[in-house]
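This report asks the reader to look at charged side chains and at a pocket. Please keep the sequence and the model in view while reading.

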Amino acid sequence: MEKKLFKSDGTEKIWFLNPETLVEEGHIETVTNKSINDSANELEYVDGKIYANVYQKPSVMIIDANSGAIEGVINFGGLSNKVTHHTTWSDTDNVLNGIAYHPERQTFFVTGKEWDKMFEVKIQKK
């Protein structure tokens with residue numbers, strides 16, 4: 001199986017990097033049947049899918065790692081009500097901004113900037 005790293009630069013592109021040299025070896029563009037999404041931020045790869053939180057939004061895109069097709073979007077908007085909001089210079093400091101996969105439990109951990117909690121969630125297909 002070919003190994004590669006994925007890199008987001010905040011545009012519609014997700015880059016493939018050589019894991020040994022870190023050289024960019026290609027990319028996909030995050031798209032739906034109607035638009036291009038240019039806000040992929042934190043990335044997590046699981047079973048052929050890239051889970052990417054959407055910059056400044058309470059959501060995570062599910063992206064096909066081969067084609068770039070956005071197959072779904074998970075709304076985590078309700079989590080913000082469950083954390084203590086800290087006084088910051090900007091409202092954008094209290095946004096969803098982290099995702100990690102736990103392979104043994106098949107769950108994801110999500111958290112945000114300035115959040116005092118981390119949430120473990122199981123993502124199920126509708």
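## Basis and a first residue

Lys7 is partly exposed, its relative accessible area being 29%.

The model is predicted, so local features need pLDDT of at least 70 and side-chain atom pairs count only at pLDDT 80 or more, while totals for chains, interfaces and linings use all residues. Residues are numbered from 1 along each chain as its sequence is written, and side-chain values use heavy atoms, with hydrogens and water left out.

## Salt bridges

The whole structure contains five salt bridges, a salt bridge being a side-chain nitrogen of Lys or Arg within 4 Å of a carboxyl oxygen of Asp or Glu. One of them joins the side chains of Lys7 and Glu24, with 2.5 Å from N to O. Glu24 belongs to strand E3 (residues 24–29) and Lys7 to strand E1 (residues 5–8), so the pair ties together parts that are 17 residues apart in sequence. Strands (E, at least two residues) and helices (H or I, at least four) are DSSP runs, numbered from the N terminus.

Lys117 is partly exposed at 36% relative accessible area, and Asp116 is partly exposed at 39%.

Is Asp64 buried or exposed? Asp64, which has its place in strand E6 (residues 59–64), counts as buried at 15% relative accessibility. A polar atom of the Asp64 side chain lies 2.8 Å from the backbone nitrogen of Asn66. Leaving aside residues up to four places away in sequence, Asp64 touches Ile28, Gly48, Lys49, Ala69 and Glu71, where contact means heavy atoms within 4.5 Å.

## The largest pocket

Rolling a probe the size of a water molecule over the atoms shows where empty space is left. On a 1 Å grid over the protein atoms alone, a pocket is an open set of points where a 1.4 Å probe fits, with protein on both sides within 12 Å along at least five of seven lines; lining residues have an atom within 4 Å of a point.

The largest pocket holds about 390 Å³ of space. Its lining has 15 residues, and those closest to the centre are Tyr51, Ile62, Ile123, Gln124 and Lys125. Strand E5 (49–54) and strand E7 (70–75) each supply at least two residues of this lining. Sorted by class, the lining has six nonpolar, three polar and six charged residues. Here Ala, Val, Leu, Ile, Met, Phe, Trp, Tyr, Cys and Pro count as nonpolar, Asp, Glu, Lys and Arg as charged, and the others, Gly among them, as polar.

Key:
Points joined across faces, edges and corners; volume = space filled by probe spheres on them. Buried < 20%, exposed > 50% of the residue type's maximum accessible area, 1.4 Å probe, protein only. Polar contact = N/O pair within 3.5 Å; in protein donor to acceptor, adjacent residues only side chain to side chain.
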